[in-house]
Amino acid sequence: MSETLSGAQILCRTLVEEGVQYLFGYPGGAIMPFYHALGDCPELRHILVRHEQAAAHAADGYARASGRVGVCVATSGPGATNLVTGLATAHMDSSPVLAITGQVSRPMIGRDAFQETDVIGITLPITKANWLVQDAAELADTVREAVAVALDGRPGPVLLDVPKDVQNQKAEYRPKAAARQPSPTPHAPSFADGVAEAARLIAAAQRPLLMVGHGVILAGAYAEIRTLAEQTGIPVITTLLGISAFPECHPLHLGMPGMHGEVHVNRAIQQADLIVGIGLRFDDRVTGNTAAFAPRARIVHVDRDPAEIGKNVKVTVGIAGDARDVTRRLIEAVAPRRCDAWWEEIRGYMRVRDESWRDGLSPEAICRALFAVTGEHCSVVTDVGQHQMWVAKLFPYRRPNGHVTSGGLGAMGFAVPAAMGVHLARPDEPVWAISGDGGFQMNMAEIATMVQEGLAVKMAVFNNGYLGMVRQWQQFFHGKRYSCTPIWSPDYVKLAAAYGIPGWRVERARELEEVFTEANAVRGPALVELVIEQEANVFPMIPPGGSLSEPIETAPAAAAT
Amino acid sequence: MAEPTHALSVLLDDDVFALNRAVGVVRRRNLPIASIAVGPSHIPGASRLTVMMQTDDAGADRMVKQLQKTYGVREAELLRAADAVAREVALVRVHAPAEVHQELTEIAELFKAELVDEGPDVFVLQVAGAAWFILSFIRALERFGIMEVARSGAVAVRSAAPPVPSSPTSTSATETVL
């Protein structure tokens with residue numbers, strides 16, 4: 001049964017067909033036919049952002065929280081280029097985002113028309129695939145293909161560039177014939193031998209570690225990882241994007257590794273004789289100098305993407321496959337064991353750092369109070385910088401996939417818009433966007449979006465008056481020359497008032513719980529400013545390019561140049 | 001650049017976006033590239049991209065894996081130069097006044113080059129072969145006055161002989177990938 005529709009109508013119909021509920025976008029000249037058609041499509045809820053970058057981050061947040069494709073829409077030219085940071089973020093962090101951009105009409109392409117930009121060319125390296133739709137008759141199948149590519153295998157962003165005349169062009173529309181069969185993984189692995197070898201290595205290891213990353217969350221392998229850990233007693237390390245793949249409070253949880261990993265975590269890596277890495281990519285922030293990374297360890301690497309295996313570190317056994325499938329096979333293949341002596345050794349590495357904070361307003365106190373108020377269903381979306389590291393290490397995540405952050409790209413300004421997407425995916429659970437004063441000011445205009453669209457995102461700003469992480473690097477590595485890192489902030493309480501939402505300023509630890517309770521109880525968005533110490537540092541720290549064995553644990557006394 | 005060490009051979013969908021994406025993956029490696037050639041393959045709807053480049057075996061392995069997951073790429077393999085047969089075509093426009101016709105014709109015969117077009121004082125010669133052979137031909141014509149050279153860039157296939165075993169110094173990034 002077919003009917004004749006415009007390209008714009010076909011686009012709307014196909015999105016609905018693919019189960020899309022939310023679009024984050026911003027209209028403009030070359031996408032106007034689509035926005036016209038959207039008016040007849042109540043199944044699609046459009047969230048009008050204040051900047052297209054926020055649309056891409058929000059779609060990314062929605063995708064990460066829901067496991068479904070997140071959709072953002074922009075016009076040609078500046079609208080399309082504003083999406084780029086968000087698409088690059090989704091690309092680095094394997095998030096299935098579909099971007100739809102308007103393009104100038106086909107006869108105008110290549111003539112530097114008003115608001116023309118080669119967004120296909122611009123986004124080639126930061127998308128899994130992109131398409132310039134040449135004919136409305138191809139539109140439905142291209143949307144279906146785009147959604148499938150975004151979700152298939154290792155997820156990632158895709159972009160559909162639709163010329164304005166194609167949106168207006170009439171074509172036959174046929175609903176999708178049948179449910180799409182999941183396409184087979186292109187490199188269907190037969191990894192039985194790899195699993196057997198991995199199991200043998202696990203049985204023989206004296207100092208094994210499990211390192212789990214985002215792949216575990218993408219595969220929903222929470223229960224499997226927990227079973228594998230409990231069956232073997234192996235300590236579990238969660239990478240930045242692996243946080244909330246394993247309960248923080250679990251006795252087998254060790255912590256986050258890498259540049260700001262705790263000393264005992266990195267030391268365990270350096271002493272380990274076996275690392276079983278599942279769904280991570282051994283990023284340089286995790287490994288430090290790879291030549292000095294885990295020098296005693298053999299590495300078993302499980303990843304959905306065969307191109308990741310052996311990319312950054314040399315592996316003994318590589319298994320290309322889904323984290324859940326492979327972990328299930330590992331559970332079957334691995335005999336129960338314990339790691340008591342190894343745990344004893346690791347406990348010997350642990351130490352308490354003596355840090356004092358003005359008025360007790362420490363990241364630890366903040367995370368503790370927020371958790372006490374929000375409970376175990378809270379999702380925390382962080383931005384980039386010092387607060388990101390503090391929250392990653394100190395918030396006692398319970399909710400699987402409750403931690404969302406911009407890991408690979410490290411895009412400041414991510415938290416506030418991404419939290420809007422997380423909120424729409426989890427409307428009945430508290431969602432907190434935590435930013436620094438730098439990143440918050442990048443996308444704080446999205447408060448208006450929250451108000452207009454009724455998105456109950458709670459925001460907390462760690463305000464230290466600095467671009468804190470850069471300032472910390474300046475202190476450690478650039479002779480304390482705080483070049484261009486002091487940053488002024490508006491009065492956030494008044495800012496909140498200007499947007500018509502409640503705002504609080506917290507300067508003492510004892511105020512935390514009461515303010516968080518009130519903010520969390522508000523029906524709509526709310527803003528909490530946390531006035532923390534100005535020159536606090538994130539410890540420990542592995543210098544960039546350094547070995548995990550050589551952490552910086554205190555601020556250098558004399559400034560180096 | 002120095003001699004290319006590898007011939008990258010990619011079978012990809014016959015569209016300019018797939019080509020752009022594949023070349024983008026190669027470009028991102030930031031490695032010296034000697035030539036790029038693209039044309040139809042033996043499969044309808046698929047093109048063959050050949051890139052002659054310098055890399056090491058570990059870098060080659062990483063690049064091929066990245067290409068294999070690239071949308072629009074059907075197959076990718078990187079042949080070590082020793083394991084491949086690589087050939088290209090060149091067209092040379094050369095000054096050819098009547099008094100040198102005899103000499104030019106002799107050189108052309110020596111290189112099995114073909115006179116594909118001629119006009120007053122101009123020959124267009126076509127030569128095919130390995131890169132060194134083409135360079136020798138061009139050098140032999142230099143003294144007549146070369147007006148223009150167009151080279152296709154090399155295309156390559158795996159050689160008919162069994163591959164030379166890997167040298168012991170070459171390291172693969174993975175011991176076992178299943």
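Colleague: What about Ser244(A), is that residue buried or exposed?
Modeller: Ser244(A) is buried at 3% relative accessibility, where buried means under 20% relative accessible area, exposed over 50% and partly exposed in between, using a 1.4 Å probe and protein chains only. Before we go on: this is a predicted model, where local features need pLDDT of at least 70, side-chain atom pairs count only at pLDDT 80 or more, and totals for chains, interfaces and linings use all residues. Residues are numbered from 1 along each chain as its sequence is written, chains are lettered from A and ligands numbered from 1 in the order written, and side-chain values use heavy atoms, with hydrogens and water left out.

Colleague: Thanks. Where does Ser244(A) sit, and what is its phi?
Modeller: Ser244(A) is in the loop between β10 (236-238) and β11 (253-255) of chain A; helices (H or I, at least four residues) and strands (E, at least two) are DSSP runs numbered from the N terminus. Its phi is near 85°, a positive value in a residue other than glycine.

Colleague: And Ala294(A), what is phi there?
Modeller: Ala294(A) has a positive phi of about 40°, although it is not a glycine. You'll find Ala294(A) in the loop between α13 (284-287) and β13 (298-303) of chain A, and it is buried with a relative accessible area of 4%.

Colleague: Which residues does Thr239(A) touch?
Modeller: Thr239(A) lies in the loop between β10 and β11 of chain A and is buried, at 7% relative accessible area. Leaving aside neighbours within four places in sequence, its contacts (heavy atoms within 4.5 Å) include Val212(A), His214(A), Met256(A) and Leu280(A).

Colleague: Switching topic: how many residues are in the largest nonpolar core?
Modeller: The largest one has 59 residues, and Leu209(A), Met211(A), Ile269(A), Ile275(A), Ile278(A) and Phe293(A) have the most contacts inside it. Helix α9 (residues 192-204) of chain A gives the most to this core, with 5 residues. A nonpolar core here is a set of buried Ala, Val, Leu, Ile, Met, Phe, Trp, Tyr and Cys residues joined through side-chain atoms within 4.5 Å.

Colleague: What else does Ile275(A) touch?
Modeller: Not counting residues up to four places away in sequence, Ile275(A) touches Phe282(A), Ala294(A) and Val300(A), among others. There is also a second, separate core of 50 residues, which includes Cys72(A), Ala80(A), Val416(A) and Val461(A).

Colleague: OK, domains. Where are the bounds in chain A?
Modeller: Domain 1 is 3-173, domain 2 is 192-349 and domain 3 is 358-531; the bounds come from an automatic or database domain assignment.

Colleague: How many residues of domain 1 of chain A contact domain 2 of chain A?
Modeller: 7 residues of domain 1 of chain A are in contact with 7 residues of domain 2 of chain A. The area buried between them is about 630 Å², with carbon and sulfur atoms giving 54%; that is the accessible area (1.4 Å probe) that two parts lose on being put together, summed over both.

Colleague: How many salt bridges cross that interface?
Modeller: The rule finds 2, counting a side-chain nitrogen of Lys or Arg within 4 Å of a carboxyl oxygen of Asp or Glu. Asp305(A) and Arg154(A) also meet in a salt bridge through their side chains, at 2.9 Å from N to O.

Colleague: Last one: which peptide bond is cis?
Modeller: A cis bond joins Phe539(A) and Pro540(A), with omega about -10°. Pro540(A) is in the segment after β20 (526-531) of chain A.
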